[in-house]
Amino acid sequence: MIWLILLVLFAVWIAILCIRAAHLKPGALPTEPAPETEFDRNKAVQDLQKLIRFRTVSYEDSSLEDPRQFEQLIASLPALFPNVHKACTFTMPGPRSLVFHWKGKSHDKPGVLMAHFDVVPVDESGWSKPAFEGIIEDGVMWGRGTIDTKCTFLGVLEAADNLIAQGYTPSQDLYLCFSGTEEVNGDGAPAIIRWFQSRKIHLDFVLDEGGAIVENVFPGVRQPVAVIGIAEKGTMSVRLSVPTGGGHASTPPAMSSIGRLARAVRRIEDHPFPAKLSDAAEATFLGMSRHAPFALRLLFANLWCFRPLLYLACRLMGGELNALVRTTVAFTQMQGSNAFNVMPPNPQMVCNVRINAGETTQSVLERFRHVIHDDKIALDMPFGRNPSPTSTIGDEPWKRLEKAVHMEYPGTVITPYLMLASSDSWNYSAVSDHVYRFSPMPMSKEERGMIHGNNERIPLTSIHSIVSFYIRLIRMC
């Protein structure tokens, strides 16, 4: 009798799992291409070439920067985008903070399209083509910033310039906001936020860089997927150091300072942060699993039952999947002695931490102290900020974005996404509940690997699509 009851309960359990999975099914995707947008595609390519040639490289040590390159790029914009400068009010809340106010027919639901125009440093010895010439070969433009993110900087301004020339006025105020300090978490975007706050402007939506259109990222999903960031993890740098005063290498102590640091690093890596599925990460899995085989839908429709299995799979697979569900730690820098026979006076190791929802910079430091369990290890935080709030989806701003994606890329799956990297848009959560992160272009795994890497380049067709996407989106604003 007991076995019969257990068998019935098991059958009911299986039925519940299957029914829930069956309800997790995809909606119909628009597949009809929208009419082609009209703009000068050759000019768009040439304008991006000109922007690439400005060496707007940001450094943590600002003394290494060339301010003239930033100034010259800003000075070039009136000639590149004359209609924007005629129709919009231009303001610089900070030295590398640009705001173009495009007045709409109404002013109660203003929006922001944003990007950054600074880039990371380049070691040109690892490049096949010069990094700042915008060389075009075989339908591809090479250069630092072609993907991250002078392409969207160009896209927003090119789209606005064309629409203004056609006599278009947005239904609501639109702000085109650009920063030149994003790569070093500088004051470019915060200065713009202070400018909005001083005018008591609350934004209806914000669109920045972030996700893209990707393929073969999620198991079993064969369609291209537009991943749109609705939140981003926090980020911080933690420095571990052992102040000792140094000494001669011929008389080392029982445990060297570097050995002590190595033990601390080992303890941190041996004790990864616990997994936790944030609202944004759960939306990512649910959104993509709707288009996955039934077995995966069975898993994600029943996370109340299979959550531990998901966490184990993510930890074993590592990479992006693991980063979606836990705070990650990557040791990136070391400093020891400047001589082979001198004990280092203050050896250091630095790690980059990407903070999951539910954790804070303070809780990370507390966990490190507990796990390291060594009072001789000093911890400090050169930089840190907590995870962003999660933006609202499903209402009008999100639907406009979905429609623009489907118009430019019919047949594309759209899913919310937890952004693993950091961006200027983190700051905009202070003035908007709809902060989205999406670079409107297909991006292969190889192209994603070029971001901050060697040989960064973009297909000319992607440049065209980016401008076209912004034209479609602005027409709905």
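Two strands count as paired if DSSP finds at least two bridges between them. Helices (H or I, at least four residues) and strands (E, at least two) are DSSP runs, numbered from the N terminus. With that in hand, let's walk through this predicted model, in which local features need pLDDT of at least 70, side-chain atom pairs count only at pLDDT 80 or more, and totals for chains, interfaces and linings use all residues. Residues are numbered from 1 along each chain as its sequence is written, and side-chain values use heavy atoms, with hydrogens and water left out.

**The sheets**

Strand β5 (residues 140–142) is joined to β4 by two bridges, and Glu137 has Val140 in β5 as its bridge partner.

Another open sheet is built from four strands, ordered β11-β13-β9-β14 and paired antiparallel. Here β11 (328–335) and β14 (378–385) are the edge strands, each pairing on one side only. Neighbouring strands of this sheet are turned by 20 degrees against each other on average, direction ignored. Eight antiparallel bridges link β9 (residues 234–241) with β13 (residues 348–355), and Thr235 stands opposite Arg354 in β13. Helix α12 (residues 361–372) packs on the sheet and touches β9, β11, β13 and β14, its direction making about 155 degrees with that of β14. Contact here means heavy atoms within 4.5 Å.

**The cores**

A nonpolar core is a set of buried Ala, Val, Leu, Ile, Met, Phe, Trp, Tyr and Cys residues joined through side-chain atoms within 4.5 Å. Buried means under 20% relative accessible area, exposed over 50%, and partly exposed in between (1.4 Å probe, protein chains only). The largest core has 94 residues, and Leu113, Leu176, Phe178 and Phe285 touch the most other members. Beyond its neighbours within four places in sequence, Phe178 is in contact with residues including Arg96, Leu113, Phe117, Phe153 and Ile192. A second, separate core of 20 residues includes Leu240, Ala264, Phe273 and Phe368.

**The rings**

Rings of Phe, Tyr and Trp (its six-membered ring) pair if their centres lie within 6.5 Å; planes under 30 degrees apart count as stacked, over 60 as edge-to-face and the rest as tilted.

| Pair | Type | Centre to centre | Angle between planes |
|---|---|---|---|
| Phe117 and Phe153 | tilted | 5.6 Å | 35 degrees |
| Trp398 and Tyr436 | edge-to-face | 5.4 Å | 65 degrees |

Phe117, in the loop between β3 (106–116) and β4 (136–137), is 36 residues apart from Phe153 in helix α5 (residues 150–165). Both Phe117 and Phe153 are buried. Trp398 in helix α13 (residues 396–408) and Tyr436 in strand β16 (residues 435–442) are 38 residues apart, and both Trp398 and Tyr436 are buried.

Phe70, Phe90, Phe100, Phe117, Phe153 and Phe178 form one aromatic cluster. The charged end of Arg96 sits over the ring of Phe70, 3.6 Å from its centre. For Arg475, the charged end sits over the ring of Tyr168, 5.5 Å from its centre. The criterion is NZ of Lys or CZ of Arg within 6 Å of the ring centre and within 35 degrees of the ring normal.

Definitions and conventions:
Axes are lines fitted to C-alpha atoms, for helices over the stretch in contact, and angles run from 0 to 180 degrees between N-to-C directions.
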